[in-house]
Amino acid sequence: MNDRTISLWQKIKKNLKEELPEASFETWVGNLEVDALQGSKMQLSAPSGFIKRGFEERYLELTKEQIKNLSGKSREVVVKVDSPPVEENQDQRDPFYPPPVSSTDPTNGEEKQNNCSADGTRENQIALNKQYTFDTFVNSKSNQLASAASRAISEAPAEAYNPLFIYSKVGLGKTHLLHAIGNYLYNRGSLGKVVYTTSERFAIEMIQAIRQNRTEEFRQRYRSVSAFLLDDVQFMENKEGTQEELFHTFNELYGNKKQIALTSDRPPQELSDLQNRLVSRFRWGLVADIQPPNFETRVAILRKKALQKDLKVDDQVLELIASRITTNVRALEGGLIKAVAQANLANGKLTLDEIKNFLPDESTGEEELTVSKIKKKVANNYGVKPETIDGKSRKKEIARARHIAIYLARELTDNSFPSLGNKFGGRDHSTVMHSHKKVKNMIAETPLFSEEIEEIKRGLKSNFTQ
Ligand code: ADP
Ligand code: MG
């Protein structure tokens, strides 16, 4: 294949990336590669049938348009499905590789007791938490890809992405999403056994199985499932035997087209004490991260949690908690419960200042940059009234300020186009996209204008954190 073909496809991808919401791009276009450009045909390859179909339904026409614009020629686009690489050197040893039992293995007697019922049969299955569903999960830009991919594999197990690998710092929703996948599949019924477990539990069970000569039973339990959800794989680092077993479990499930989803506190390539062949398998499907939520998302999560727990809490209190606790959703929830408990003790009469006293303060002291602050700054800058930005006026200076505010809001906050549409007077997302593009083009074409926008950006950035 020649360089021109590759470069044409790269340009198409770049343009689509700019036009599409990030998660849509990552899900449907990001993993496609170009195979050939022959005559009137461009041939692409997709990692799965699911992605091929999704792409064809959504973006085939758009891609054809791009080809025509960029190369001046109309072409058909054909997508074929690429099978994942089969690694050489597949290990044929007895998969039940006896692990070295080290003192760090968490296999003390107490755990064992907990895992055994009176008649000696094990009750290892970790129950799915019914509260952790997609409905109770707040979507935001910070978790967009992980959340969309979790939904996709729930709807089309072993078709969309296999495996799905989600990573993030602690308390940002990985376990929640794994349970949500489990609950969804479980409620759907038809599929067969869905198993959720943690890596620690997997390791403990495996060692017990060896001690009790029940290895076959253990192996069967995990290799006969239709979906395997494994939490916190970083705990498998340095556990050779457990990794060995996971490797064979993975191969068996993957080969039989069963869904695998994993989580970790790091991306696969940073799991340095894990066998390379496991790390490479973890990267076969989709790797998605979750970042800490922004202020607006934190408030939305608190609102949802309060509703779920049937707590009545003022918006002002929710906003105070969200401004104080910024990096961990679990801590955010803790803050809410504490605030409610304290308020109950004081018969509901707590001032915001009193609540402040018992909340940790992770805020940087700087205020977060929001869409409404951008609107104000831009309105000020161009001498128009802030409320006209959301309005319908087509007066030149107002329309111009509106376009600029939209552009900056997209660049400096993590709002999607549809959400910006809502925040700019209920406009359609395509209208907002158009404004963004317009300003972007003007910046590219007019150095003076570009300088003007940079100036506003600097002003905004010096006062607020993004
Ligand atoms: P992790 O596994 O990444 O450490 P968890 O999934 O245990 O984090 O999440 C910690 C808490 O935060 C849970 O109660 C979970 O429901 C909640 N949580 C995290 N992210 C979200 C979100 N986007 N929407 C709703 N709740 C969330
Ligand atoms: Mg977790």
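I took helices (H or I, at least four residues) and strands (E, at least two) as DSSP runs, numbered from the N terminus. The model is predicted, so I noted its limits: local features need pLDDT of at least 70, side-chain atom pairs count only at pLDDT 80 or more, and totals for chains, interfaces and linings use all residues. Residues are numbered from 1 along each chain as its sequence is written, and side-chain values use heavy atoms, without hydrogens and water.

Entry: the sheet. I found five strands in an open sheet, ordered E5-E6-E7-E4-E8, with parallel pairing; two strands pair if DSSP finds at least two bridges between them. Strand E5 (194-198) and E8 stand at the edges with a single partner strand each, so one side of each lacks a neighbour in the sheet.

Entry: strand E8. Strand E8 (residues 286-289) has Leu286 and Ala288 on a covered face, and Val287 and Asp289 on an uncovered one. I noted that side chains in a regular strand alternate between the two faces of the sheet. E8 runs parallel to strand E4 (residues 164-167), joined by four bridges. Phenylalanine 165 has valine 287 of E8 as its bridge partner, and isoleucine 166 stands opposite alanine 288.

Entry: helices H5 and H6. I looked up the axes (lines fitted to C-alpha atoms, for helices over the stretch in contact; angles run from 0 to 180 degrees between N-to-C directions). Those of H5 (residues 144-155) and H6 (residues 174-188) come within 9 Å and cross at roughly 20 degrees. H5 and H6 are therefore roughly parallel, a term for angles under 35 degrees.

Note on methods
Chains are lettered from A and ligands numbered from 1 in the order in which they are written. Angles under 35 degrees count as roughly parallel, over 145 as roughly antiparallel, 65 to 115 as roughly perpendicular and the rest as oblique. Buried means under 20% relative accessible area, exposed over 50%, partly exposed in between (1.4 Å probe, protein chains only).
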